[in-house]
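Visitor: Could you walk me through this molecule and show me how its parts get their descriptions?

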Amino acid sequence: MIANDAEKFKKVISHAKEYGFIFQSSEIYDGLSAVYDYASYGVLLKNNIKEYWWKAMVQMHENIVGLDTAILMHPTTWKASGHVDAFNDPLIDNKDSKKRYRADNLIEDYLTKQEDKINKEIEKAKKRFADFDEEMFRTTNARVLEIAEKKNVVYSRYVKALNDNNLEELKQIIIDCEIADPEAGSRNWTDVRQFNLMFSTKLGAVSDEADTIYLRPETAQGIFVNFLNVQKTTRQKIPFGIAQIGKAFRNEIVARQFIFRMREFEQMEMQFFVRPGEELNYYDHWKTTRMKWHLALGTDEKMLKFHDHDKVAHYANAAVDIEFNFPFGFKELEGIHSRTNFDLTQHSEFSGKKMQYFDSEINESYVPYVVETSIGCDRMFLAMLCNAYDEEIVNEDTRTVLRLPVVLAPIKVAVFPLLKKDGLPEKALEVFNELKFYHQCYYEEKDAIGKRYRRQDAIGTPYCITIDHQTLTDNTVTIRERDSMQQERINIENVLKIVSDKVDMNKILKTLA
Ligand code: GAP
């Protein structure tokens with residue numbers, strides 16, 4: 001059984017490999033750090049996540065259109081967007097362990113630990129006092145007050161240091177808080193330095209400065225530079241959005257936590273263009289809409305929360321993350337940013353082309369403001385995998401089951417003949433061959449039926465159809481449900497309708513409308 005979150009995470013990682021969800025890239029060469037391949041079931045799950053996002057964002061909004069822009073863009077794009085000068089992380093090295101860390105992450109982890117200490121005190125007190133009042137305890141208990149005060153001081157210094165870009169102060173906080181290398185325990189740190197996260201490469205055969213181009217670190221810029229092209233060709237009027245799904249690349253300093261922080265990953269981004277002055281209303285609207293999208297999958301609301309940014313990016317006037325409770329704590333899953341008119345204005349200046357919109361309703365031209373929603377597809381994948389992974393004892397045996405939302409499950413229905421004889425495989429194949437036009441199915445006749453069920457549980461298949469001897473006499477089959485393991489007999493003619501009804505994504509999409 002799962003002892004704690006750390007053990008759960010280890011299990012999720014090995015399960016992902018063993019059951020064909022994720023492989024380390026170039027594994028036979030000992031892998032490439034923070035780069036992963038999606039395996040046979042992984043690619044199906046990932047495609048389902050993309051489909052759910054695309055339908056909710058593009059298909060269901062008459063004022064949002066799609067786009068698929070190139071990974072390579074003119075290098076001036078990244079000068080204009082600020083990424084060449086400001087897309088940096090503050091890094092620090094430990095002189096003893098030679099390990100490299102993000103200074104901001106070290107401080108944030110320290111702050112989280114202080115909060116954990118407070119929560120532990122609260123838990124202890126809850127057990128001691130029957131009529132426990134948490135608010136009262138927080139404001140009167142000496143130990144809690146001491147930790148909270150220290151934490152608040154560090155937090156204020158940290159936010160100021162980030163906003164002032166004060167690298168010496170970041171190091172000083174690490175020293176003052178006696179933060180040690182999380183793996184080696186040493187406190188022997190270098191100075192904090194800025195590190196640009198963009199991967200560069202050369203365009204063409206001649207390698208001089210002018211040919212340096214970048215792998216895009218976000219998909220958003222492909223949307224900005226195409227804003228007028230899309231607006232004109234789709235005849236959209238403000239407010240309207242442009243959405244795209246695509247690869248992004250970042251040379252992350254700390255590449256830990258499996259697919260949480262990758263060097264090559266996929267984003268699902270939408271830029272919503274609005275009238276100046278209306279951006280904060282739309283910002284609130286998209287916060288609510290995006291949280292609804294997550295909750296509609298059945299995720300417990302305790303697993304998700306908003307987290308306002310301590311320091312907004314150079315382009316934003318408001319920013320919030322939707323955080324998910326991963327086994328290593330609440331971390332960013334999606335960002336919602338009010339990006340002002342920064343990007344379009346910058347591209348206008350650097351390209352010399354006007355990025356203005358004529359608003360016929362108010363008879364005015366302006367550079368639109370932008371509210372962005374940006375979610376990492378891989379992070380969503382990891383969130384769903386961690387949320388779904390479960391172990392339980394069934395008949396004195398451990399059953400490992402992925403309780404994935406049905407609409408995201410890689411395989412929707414598995415079809416089994418009970419035995420590999422007596423005409424059962426032929427009948428089962430008839431069922432499979434009908435279902436396969438509508439759903440991702442799986443057919444298997446090897447091994448005992450119990451083993452086959454377990455394999456499907458482990459990859460999250462919500463329904464298994466079994467053809468047995470009774471099928472041959474009365475045309476009924478059993479349908480087994482993954483979570484309850486309950487089986488029901490249904491008529492073979494109703495299989496397609498019943499399965500289609502159960503796995504229908506539109507039912508969830510309708511709750512979002
Ligand atoms: N266009 C805005 C933007 O890129 P971001 O907060 O840097 O904002 C958006 O990234 C989302 O992309 C994050 O919420 C996260 O889900 C995902 N993401 C960012 N860096 C990632 C990485 N190294 N590996 C996996 N996903 C990442």
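Guide: Here are some questions and answers about a sheet and a pair of helices in this predicted model.

Visitor: Which strands make up the open sheet, and in what order?
Guide: Seven strands take part, in the order β3-β9-β10-β16-β13-β12-β11, and their pairing is mixed.

Visitor: What makes β3 and β11 edge strands?
Guide: Each of them, β3 (64-66) and β11 (304-308), pairs on one side only. From one strand to the next, the twist averages 25°.

Visitor: How do you know that β10 and β16 pair?
Guide: Two strands pair if there are at least two bridges between them. Strand β10 (residues 264-274) and strand β16 (residues 369-376) are joined by eight bridges, so they count as paired, and they run antiparallel.

Visitor: Which strands does helix α10 touch?
Guide: Helix α10 (residues 227-234) packs on the sheet and touches β3, β9 (240-249) and β10. The direction of α10 makes about 135° with that of β9.

Visitor: Why is α7 called roughly antiparallel to α8?
Guide: The axes of α7 (residues 142-164) and α8 (residues 167-176) come within 9 Å and cross at roughly 160°. Angles over 145 degrees count as roughly antiparallel, so α7 is roughly antiparallel to α8. Their crossing is left-handed.

Visitor: What classes of residue make the contact of α7 with α8?
Guide: Among the residues involved are Val154 and Arg157 of α7, with Leu170 and Gln172 of α8. By class, the contact has six nonpolar, one polar and three charged residues.

Definitions and conventions
Residues numbered from 1 in each chain as written. Predicted model: local features only at pLDDT ≥ 70, side-chain atom pairs only at ≥ 80, totals over all residues. Heavy atoms only, no water. Helix = DSSP H or I, 4+ residues; strand = E, 2+ residues; numbered from the N terminus. Axes fitted to C-alpha atoms, helices over the stretch in contact; angles between N-to-C directions. Contact = heavy atoms within 4.5 Å. Parallel < 35°, antiparallel > 145°, perpendicular 65-115°, else oblique. Left-handed = near helix turned anticlockwise from the far one by under 90°. Nonpolar A, V, L, I, M, F, W, Y, C, P; charged D, E, K, R; others polar.
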